[in-house]
Amino acid sequence: MAQRIGETLVGLGVITEAQLNDALACQRAQGGKLGAVLMKLGLVTEDQITHALADRLGASPLNLADLHANLDVLRLIPMEVALKHDVVPLERMGTVLRVAMADPTDMLALDEIRFMTRLNVEPVLASESAVLQAIRQWYSSAEEDERKKHLEDLVGFIDAEHAASLELKAEEEVALNLASFDKTPGEAPVIRLVNYILLDAVRRGASDIHLEPYERQYRVRFRIDGMLQEVMNPPPRLRDTVTSRIKIMARLDIAEKRLPQDGRIMLKLQQEGAKKQIDLRVSVLPTLYGEKIVMRLLDKENLQLDMTRLGFEPESLAKFQKAIFKPYGMVLVTGPTGSGKTNTLYSSIAQLNKPETNILTAEDPVEFQLPGINQVQMKDQIGLNFAAALRSFLRQDPNIILVGEIRDFETAEIAIKAALTGHMVFSTLHTNDAPSSVTRLMNMGVEPFLVATSVHLICAQRLVRRLCPACKLRDHAGLKALSDAGFTSEEVPGAEIYRNRGCPACHGRGYKGRVGLYEVMEVTEEVREMILAGASALDLRRRAIEQGMITLRRSGLTKVAAGITSLEEVVRETVA
């Protein structure tokens, strides 16, 4: 509030001049309205502020409890503006808009409303608590009326057989029951739409849900087996109500539309008598035409901890397991986002998880909770980053340390020192292949002798889609296409290549599930000497291949020849 309210309170003897000066100093340091600062300091009550304003204005405060919402007038002032200025619109009389305000002398608020509505604004006094209560009740009522109007728009999107009810239970937890989901006439249509989107994503095996607002379109896409697919186009005017519903489920601030927000939803899903739990990570990002929402579905049942089923070639798996069972050193897993690095690391520490072993992980975020393993969630806003966590880990008597990602020199230095002092360290990097990881560490500032002596093995990986076993077809690819992809002249005549077709089992895509491609580079004595001598990534790659390293392309071609994936998938994800 303006300083004049402070002078009025002094004049009425409610506060002293010294108390006003203290409050003004606090306001300059922390921001906010003077009235709120005075109440926070315990110098005044809300009633005293309201009566002081009434005394100055010569008018009694309005009792909003006796009034009802005018939905047409509420549309003139958005809810976020109403909350920002503690104002609620009452009625419109020609070119005059009558509003109730906690501080009718706030000229900045009046000017903004006047500019927004192109109307003359007539303010009346009401207590701050009454204004906030009216905003909550009246705008909620207006939103509910809007939802009812959109019911017919949703009929085309919600299949009665797949309808479901989504009910908030405990904090960050939602119960989902398919049995009671087919007839829910009492539920708001937007709630039913959100429920349908979540259920459809689970049924299709999606890993991510994208809700994207554009100028004349509202698009819903699912990422299935690594590929985005458009599945729905709800009416654009549902954008804000769908966003609000998801924010409520994720315990986010529905009034904040200018900043990114992150949250989570826990779904308890009951389908065909079986119970399962799915964790949804929710990310909200302000864009030009509204807030884009991405929800990542983390289903623990899809977590594959058996390394023999991830897609390793036998010789690559033997090298990898030999390295992870060493008493100390470092194993790096590299690849782009979404290439399955976390699954490989979880599989590794699951093999090592014994009662006599102390395992600590630093992750951002913790995707799956593993019993018997001490997992730490990073929180950069309070200074808990990978480097800080690593320093603390070394005082926790660890045997094995997992660092979610090496992003900077500080983290790399501490991780390597841990590997050199009797600890087994697992981590990830973002590089294109295994040999490039050595160059990446040295570009961060790590000395070559530290890399050479600490790193035992580097594994690069990609994920490619599996051909649907129910509908895959023999592909009589030309000999040149096979040769160009990397098949040798001896392999081409006997190669049996398959391609995708599409059937109901795979929703017409021709692919179902994914499999990993792995490039495992063992740091042998010869490779170690090359690192110390400053060899390039190209030289390291050439030497590793001579020593038997299977490249990502060769790993893919092996799976093509086995009928697991298609030639197109391998060419798309790897280079020769």
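This is a short walk through a few places in the structure above. The model is predicted, so local features need pLDDT of at least 70 and side-chain atom pairs count only at pLDDT 80 or more, while totals for chains, interfaces and linings use all residues. Residues are numbered from 1 along each chain as its sequence is written, and side-chain values use heavy atoms, with hydrogens and water left out.

Let us begin with Val-99, which lies in strand S2, residues 96-101. Helices (H or I, at least four residues) and strands (E, at least two) are DSSP runs, numbered from the N terminus. Val-99 is buried, with a relative accessible area of 0%; buried means under 20% relative accessible area, exposed over 50%, and partly exposed in between, using a 1.4 Å probe and protein chains only. Val-99 and Val-124 are 25 residues apart in sequence, yet their C-alpha atoms are 6.2 Å apart in space. Leaving aside residues up to four places away in sequence, Val-99 touches several residues, including Ile-77, Val-87, Leu-90 and Val-124, where contact means heavy atoms within 4.5 Å.

Next comes a pair of helices. Two packed helices are described by the angle between their axes and the distance between the axes. Helix H14 (residues 386-393) and helix H15 (residues 409-420) pack at an angle of about 20°, with axes 8 Å apart. Axes are lines fitted to C-alpha atoms, for helices over the stretch in contact, and angles run from 0 to 180 degrees between N-to-C directions. H14 and H15 are therefore roughly parallel to each other, a label for angles under 35 degrees. On the H14 side, Phe-386, Ala-387, Leu-390 and Arg-391 meet Glu-410, Thr-411, Ile-414 and Ala-415 of H15.

Now look at the largest nonpolar core, which has 45 residues; Met-330, Ile-406 and Leu-441 touch the most other members. Such a core is a set of buried Ala, Val, Leu, Ile, Met, Phe, Trp, Tyr and Cys residues joined through side-chain atoms within 4.5 Å. H15 gives the most to this core, with 6 residues. Among the residues that Met-330 touches, not counting those up to four places away in sequence, are Ile-406, Ala-415, Ile-416 and Ala-419. Apart from this core lies another, of 33 residues, among them Leu-211, Leu-252, Ile-265 and Leu-267.

Our last stop is helix H21 (residues 552-561), which is mostly covered, with 7 of its 10 residues buried. The buried residues of H21 include Arg-553 and Lys-559, along with Leu-552 and Val-560. After H21 comes Gly-563, whose phi is positive, near 75°.

Notes
Parallel < 35°, antiparallel > 145°, perpendicular 65-115°, else oblique.
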